[in-house]
Amino acid sequence: MPGVNEKASYWMLVLPALSIMVIFYILPVLGIWEIAFTEPQAGVDNFVKMAGSNAVKTSFVITFRVAAITTLGCLILGYIVAYAISNFATRLTPLMVALVILPFWVSVLIRSFSWIVLLGRSGLVNDALINAELIERPLRLMHNELGVLIAMIHVMLPFAVLPMLTNMRGISGIYVQAARSLGASEWTSFRQVYFPQTLPGVLSGALLVFVLSLGFFVTPALLGGGRVLMISEYITYQIQEFLNWGLGSALSVALLVATALVLLVSARFVNLRATLLERK
C-alpha cells in the first residue's frame, strides 16, 4: 500500500535523528532535572537556596543585561550591514555574504583569544592609542563588561545579519519607488515603507542573538576574567570548583525555563519555525 510505504519511509528517515536527539539531548536534560531535585537530598532545597542567593540574582541580572545590550548592538550593526548588502553591494553580494559567514568557520575560542590580544593592557588597541598620544596609560578594555560586550557583539553579529539579510532580499523595491514618486523623501520612504517590512527579520535576528547570548560561556569567561559572572559561568563554578551538582543543576533548570519563557513570549511576535529554518 502506497500510504503505508510512505509512512515507513518517513519513520526510517526520522528515527535515526530522533534517537540521537533523545540519547544525547533529552535524556541528559532529564538527568539534570533529576539531580536538581535529588542532590544532596530530595526536595526543592536547591531552588530555595538559589532564590535566596544574592550572587545568583546578580548573575541573572548580568546575564540578561549583557544579552540585551549584545542584542541591541548586533541589531544596529547588523541592520546596517544587511541593508548595505541587499541594496548597494549588488556585484559584491557573494563576497559580502561570504565575509559574514566566514566567522562560523573560525572557532569561538580563537576569536575570543584574538580579542584578548587586541584589548589587553599591552594589546594592539592600547599600544596604538598610546603611540598616537591619545592616552597616557592603558585603558581597561578587558576583564569588565565592556570587553565582554565588544567580543560578544562580534561573535553574535552574523546571527543578526543573516535573518535580516534574508528578509531584506525578499522585499521589492517597487514600494519605495512608489513612495518616492508620490513625493516622500528618502528618509520618509525608508521609515514608513521599507523599515516596517524588515521587522520580521529584525525580530528573528533579535530572538536568535538574545537566546544564544543567555547561555554563552566561552567569550564572557575569557574576556570577563571572572568579574562579569554570567549564569553559565556561575554554573560551571558550582559544578567544577565546588562540586555542588545540585545547585548547579538547579541553575541550569532555571536558565532553561527562562529561555523557554523568552521563546514562548517571542512566539507571539516572531514566526519561530521560519526563524529556526533561517538559522539552519
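Contact here means heavy atoms within 4.5 Å.

**Figure 1. Overview of the protein chain.** This is a predicted model, in which local features need pLDDT of at least 70 and side-chain atom pairs count only at pLDDT 80 or more, while totals for chains, interfaces and linings use all residues. Residues are numbered from 1 along each chain as its sequence is written, and side-chain values use heavy atoms, with hydrogens and water left out. Among contacts between residues at least 6 apart in sequence, 73% join residues at least 24 apart. The protein chain has 13 helices and 0 strands; these elements are DSSP runs numbered from the N terminus, with helices (H or I) of at least four residues and strands (E) of at least two. Along the principal axes, the C-alpha atoms fill a box of roughly 80 × 70 × 30 Å. Of the 280 residues, 35% are buried, where buried means under 20% relative accessible area, exposed over 50% and partly exposed in between (1.4 Å probe, protein chains only).

**Figure 2. Crossing of helices α3 and α9.** Two packed helices are described by the angle between their axes and the distance between the axes. The axes are lines fitted to C-alpha atoms, for helices over the stretch in contact, and angles run from 0 to 180 degrees between N-to-C directions. The axes of α3 (residues 54-87) and α9 (residues 186-214) come within 9 Å and cross at roughly 135°. This angle makes α3 oblique to α9; angles under 35 degrees count as roughly parallel, over 145 as roughly antiparallel, 65 to 115 as roughly perpendicular and the rest as oblique. Residues in this contact include Thr-63, Phe-64 and Tyr-79 of α3, with Phe-190, Tyr-194 and Phe-195 among those of α9. By class, the contact of α3 with α9 has 15 nonpolar, 8 polar and no charged residues. In this classification, Ala, Val, Leu, Ile, Met, Phe, Trp, Tyr, Cys and Pro count as nonpolar, Asp, Glu, Lys and Arg as charged, and the others, Gly among them, as polar.

**Figure 3. Aromatic pairs.** Rings of Phe, Tyr and Trp (its six-membered ring) pair if their centres lie within 6.5 Å; planes under 30 degrees apart count as stacked, over 60 as edge-to-face and the rest as tilted. The count by this rule is 12 aromatic pairs. Tyr-79 and Phe-195 form a tilted pair, 5.7 Å centre to centre with 50° between the planes. Tyr-79 belongs to α3 and Phe-195 to α9, so this pair ties together parts that are 116 residues apart in sequence. Tyr-79 is buried at a relative accessible area of 11%, whereas Phe-195 is partly exposed at 31%. Both residues belong to one aromatic cluster, together with Tyr-83, Trp-187, Phe-190 and Tyr-194.

**Figure 4. Packing of helices α4 and α7.** The axes of α4 and α7 lie 9 Å apart, at an angle of about 150°. The two helices are therefore roughly antiparallel to each other. Thr-93, Val-97, Val-100 and Ile-101 of α4 make the contact with Pro-158, Val-161, Leu-162, Leu-165 and Arg-169 of α7. These residues divide into 7 nonpolar, 1 polar and 1 charged.

**Figure 5. Packing of helices α5 and α6.** With axes 4 Å apart, α5 and α6 (residues 124-131) pack at an angle of about 20°, and α5 and α6 are therefore roughly parallel to each other. Val-117, Leu-118 and Leu-119 of α5 meet Leu-124, Val-125 and Asn-126 of α6.
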